[in-house]
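Biologist: I'm new to this one. Can you walk me through it?

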Amino acid sequence: MNRKSLTIGVFSLLFLCLAACSASSTVRINMIGMNYGNTVDFTYQTFTGYEVNRLDVTAGETISLTYDMEINKGSLHLQVIAPNDTTVWEKMLLDSESDTVEFRVEHSGEYVLRIDADNAGGSMEAEWRVK
């Protein structure tokens, strides 16, 4: 293998590694807050990535989710995911919104509240509980 082929191979490998890393990158600029208990509460200048919160629920119970999202830029995607990895509720937000939603669950186990941010600026507050 000549030197030119080796150099091209090394740079190609480096480029692939950087591309793979950037595909799953997280950006958090001036992000302050906490993810604790059944609550997610953050303020941020720029956020790209996701936050996850978990809640144990028994089949037949009702989940109550209250959220208050302030969006100055970008978008937020909220999802509640069942233990069998199906999405039981979701909402895409391009503008600020507050709401409370309730739904009965069919499967017992750990439910996941996932909030995905795409170049979002503003704040998020979400609290969920079993009723």
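Predicted model: local features only at pLDDT ≥ 70, side-chain atom pairs only at ≥ 80, totals over all residues.

Biologist: Fine. Start with β1 and β3: in which sense do they pair?

Modeller: Antiparallel, over three bridges. β3 covers residues 39–57.

Biologist: What do β2 and β3 form?

Modeller: A hairpin, with two residues between the strands. G37 sits in the turn and has a positive phi of about 50°.

Biologist: Next, β3 and β7. How many bridges there?

Modeller: 16, again in the antiparallel sense.

Biologist: Let's switch to single residues. Where is N30 found?

Modeller: In the loop between β1 (27–29) and β2 (32–36).

Biologist: Is N30 buried or exposed, and why?

Modeller: N30 counts as exposed because its relative accessibility is 54%, and the cut-off for exposed is over 50%.

Biologist: What does N30 touch, leaving out residues up to four places away in sequence?

Modeller: T43, Y44 and Q45. With Q45 there is also a polar contact, side chain to side chain, at 2.5 Å.

Biologist: How far is N30 from G121?

Modeller: Their C-alpha atoms are separated by 9.9 Å. Along the chain, the two are 91 residues apart.

Biologist: OK, S123. Which strand is that in?

Modeller: Strand β7, residues 109–130.

Biologist: Buried or exposed?

Modeller: Buried, because the relative accessible area of S123 is 17%, and buried means under 20%.

Biologist: Which residues is S123 in contact with, apart from its neighbours within four places?

Modeller: F42, T43, Y44, D68, M69 and E70. T43 and Y44 came up with N30 as well.

Biologist: Now the rings. How many aromatic pairs are there?

Modeller: The count comes to two. In one of them, the rings of Y67 and W89 have centres 5.9 Å apart and planes at 45°, so that pair is tilted.

Biologist: Which parts does that pair tie together?

Modeller: Y67 lies in strand β4 (residues 62–81) and W89 in strand β5 (residues 87–93), so the pair ties together parts that are 22 residues apart in sequence.

Biologist: Are those two buried or exposed?

Modeller: Y67 counts as buried, at 2% relative accessibility. W89 counts as buried too, at 15%.

Biologist: What sits over the ring of Y50?

Modeller: The charged end of R114, 3.9 Å from the ring centre.

Biologist: Last topic, the core. How many residues does the largest nonpolar core have?

Modeller: It has 29 residues. Those with the most contacts inside that core are L65, M69, L76, I115 and M124.

Biologist: Which elements give two or more residues to it?

Modeller: β3, β4, β5, β6 (97–104) and β7.

Biologist: Take I115. What is it in contact with, beyond its sequence neighbours within four places?

Modeller: Quite a list: V40, G49, Y50, E51, M69, L76, H77, L78, M124 and A126. Among them, M69, L76 and M124 were also named for their contacts inside the core. Y50 is the residue whose ring has R114 over it.

How values were computed
Residues numbered from 1 in each chain as written. Heavy atoms only, no water. Helix = DSSP H or I, 4+ residues; strand = E, 2+ residues; numbered from the N terminus. Buried < 20%, exposed > 50% of the residue type's maximum accessible area, 1.4 Å probe, protein only. Contact = heavy atoms within 4.5 Å. Polar contact = N/O pair within 3.5 Å; in protein donor to acceptor, adjacent residues only side chain to side chain. Pairing = 2+ DSSP bridges. Phe/Tyr/Trp six-rings, centres within 6.5 Å; stacked < 30°, edge-to-face > 60°. Lys NZ or Arg CZ within 6 Å of the ring centre and 35° of its normal. Core = buried A, V, L, I, M, F, W, Y, C linked by side-chain atoms within 4.5 Å.
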